[in-house]
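Dear colleague,

Please find below the sequence and structure that I am handing over to you. My findings follow directly after.

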Amino acid sequence: MPYTPYHFGPSGLAALAFRRWIDVPVFVLANVAIDCEVILDWIFQPGWPVHQAAHFHTLIFGALFGAVYGAAMYGIRPLRLLCEWSMSWSGLPYRAIMTRMILSGILGVWAHIAVDCIHHEDVQLLWPFRLDNPVWKWMVGARLEHLHDLRNWVVTTCIACWCGMAIYYGWLVDVFSVRKQRIEAIRKARRNTVENVLANN
Ligand SMILES: [Zn+2]
C-alpha cells in the first residue's frame, strides 16, 4: 500500500496516451481499488503475504475484480459522477461509457500487477496454476543478485513516468484549450455572419 502512489505515474501516463480507448479515472483508480487487498490482509490475515489475501493480484482473479470494479464505477452514480467531475476539473474531454469502464478496470488492474510482480516477490501472478512469482524470480536472478537494483529500477521508472505524465498532461491541456478557443471563435464568426445576413435582409 505505501507504494500505491508510485503506480499513478505509469498508469496515468498510459491512460493519457490511450485516452481515446481507456477511461482515464477508472484506469488510474484501479491502483487504489486493487491495493485494498493489502488492507484486507492487514485486518484479516496479519502476518500473511500482503498480496495474497483475496487473489486480486493475479491475472485471472484480477481480471474478474477489475471487471466488477469497472462496472461499479459506471453503475454506482456517485462514483460515475466522481469520474466525470475529476475529468471536467482536469480540462480534458470525457464521456462515461460502461464497456470502456469495464475494460479499463481490467486493464488498470493488470497494469498494476505488471509493476507489482516485478517489485514484490509474493505476487502470485499465475495463481491457481503457480504459487510463486516467475517474473520476479527471473528478473532478480538465481542468487538474488539484482534484488536491490530491481527495486530501485521500479521506483525510478515510476518517478520518471510521474514526470512524463505531468509534462504530457500540461501539453494536452494546452492543446485542448487552444482547440476550444478556436471552436468558440469559429462559432462566434458564424453567429456574426448570420446576424449580419438577417440585419441586411
Ligand atoms: Zn498492489
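**Findings**

Of the 201 residues of the protein chain, 28% count as buried (20 or more other C-beta atoms within 10 Å of the residue's own, with C-beta atoms placed from the backbone). The model is predicted: local features need pLDDT of at least 70, side-chain atom pairs count only at pLDDT 80 or more, and totals for chains, interfaces and linings use all residues. Residues are numbered from 1 along each chain as its sequence is written.

The protein chain has eight helices and zero strands; helices (H or I, at least four residues) and strands (E, at least two) are DSSP runs, numbered from the N terminus. Its C-alpha atoms fill a box of roughly 85 × 35 × 25 Å along the principal axes.

The largest nonpolar core has 30 residues, a core being a set of buried Ala, Val, Leu, Ile, Met, Phe, Trp, Tyr and Cys residues joined through C-beta atoms within 7 Å. Among those with the most contacts inside this core are Val24, Val26, Phe27, Ala30 and Ile34. Two or more core residues come from each of H1 (4-17), H2 (24-34), H4 (59-75), H6 (98-119) and H8 (147-200).

Helix H2 is mostly covered, with ten of its eleven residues buried. These buried residues pack against H1, H3 (36-44), H4, H5 (77-90) and H6. Beyond its neighbours within four places in sequence, Ile34 is in contact (C-beta atoms, placed from the backbone, within 7 Å) with Phe56, His57, Gly62, Phe65, Val109 and His112.

Yours sincerely

Notes: Buried ≥ 20, exposed ≤ 12 C-beta atoms within 10 Å, placed from the backbone. Contact = placed C-beta atoms within 7 Å.
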